[in-house]
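Notebook open, model loaded. I want to jot down what I look up as I go along.

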Amino acid sequence: PSKSGRRSSVASAQSTGSDVHERELWEDFVVVEFDEDSPMLRRKMSAFEEGTEDLRNELKELIKTGCGYLELAAEELEGNLALADDLAMAEIRKLSPLMPMFHEMLKRVVHLKEEVLDSLQQNLILSFEDFLKNDVKQAQVLRRELQRARDVFETLEA
């Protein structure tokens, strides 16, 4: 509670020197101040709920798109490996002394692309899936708890 007796709830990132700007952005969008239940509080809570749902839907779409990209990239890597294997055949190696080097270079490129795709999957796709499973669900639980508290308040007020 502040000096005026007003309570506020602000969702923001943990404070470090590098995330001050991010915290300020959050404070602009996710500030709920209240003295009592009111239409404005309900509108703000509704807007926060809609924003949470929009975030959830956007993350689901990003995950879906990312998974599709990973599947296509895996198919491309299989084709590149098949080409590299073909370049390793004795008949092809006889055509040019550069063929063995091209074969090794192509295998190295495939290996590096695999590392990038693994990193993408671990650091982006799985992180967002974890976020959806935990953090967004936690926001939904808090919203339901708020609704129950609101219902109890309205019952006691009547």
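This is a predicted model: local features need pLDDT of at least 70, side-chain atom pairs count only at pLDDT 80 or more; totals for chains, interfaces and linings use all residues.

Started at methionine 105, which sits in helix α4; helices here are DSSP runs of H or I with at least four residues, strands are runs of E with at least two, and both are numbered from the N terminus. I looked up its cover: methionine 105 comes out exposed at 53% relative accessibility. My cut-offs are under 20% relative accessible area for buried, over 50% for exposed and partly exposed in between, with a 1.4 Å probe and protein chains only.

Residues are numbered from 1 along each chain as its sequence is written, and side-chain values use heavy atoms, with hydrogens and water left out.

Is methionine 99 exposed or partly exposed? I noted partly exposed, because its relative accessibility is 23%. Leaving out residues up to four places away in sequence, methionine 99 touches Leu87, Ile92 and Arg93; contact means heavy atoms within 4.5 Å. Methionine 89 is 10 residues from methionine 99 in sequence, and their C-alpha atoms are 9.5 Å apart.

Then over to helix α2, residues 39–87, where I find asparagine 80. Asparagine 80 counts as buried because its relative accessible area is 17%. Beyond its neighbours within four places in sequence, I list Leu106, Val110 and Lys113 as its contacts.

In general, side chains of opposite charge can pair when their charged atoms come close. How many salt bridges does the whole structure hold? My search gives 1. Lysine 113 pairs with glutamate 76, with 3.0 Å between the closest N and O atoms. The pair links distant parts of the chain, as lysine 113 is in helix α4 and glutamate 76 in helix α2, 37 residues apart. Both ends are partly exposed: lysine 113 has a relative accessible area of 32%, and glutamate 76 is at 40%.

Still on charge, I found a negative surface patch made of Glu50, Glu53, Asp54, Glu58 and Glu61. Patch members need over 30% relative accessible area and no salt bridge, and like charges are joined within 9 Å. I looked at one of them: glutamate 58 lies in helix α2 and is exposed at 58%.

Last, the whole protein. I count 4 helices and 2 strands, running β-α-β-α-α-α from the N terminus. Of the 158 residues, 16% are buried. Among contacts with a separation of 6 or more, 60% come from residues 24 or more positions apart. The accessible surface is about 12,000 Å², and carbon and sulfur atoms hold 57% of that, by the Shrake-Rupley method with a 1.4 Å probe.

Methods
Patches are made of residues with over 30% relative accessible area and no salt bridge: like charges are joined within 9 Å, nonpolar side chains (Val, Leu, Ile, Met, Phe, Trp, Tyr) within 5 Å. A salt bridge is a side-chain nitrogen of Lys or Arg within 4 Å of a carboxyl oxygen of Asp or Glu. Lys and Arg count as positive and Asp and Glu as negative; His and the chain ends are not counted. The place of a charge is taken as NZ of Lys, CZ of Arg, CG of Asp or CD of Glu.
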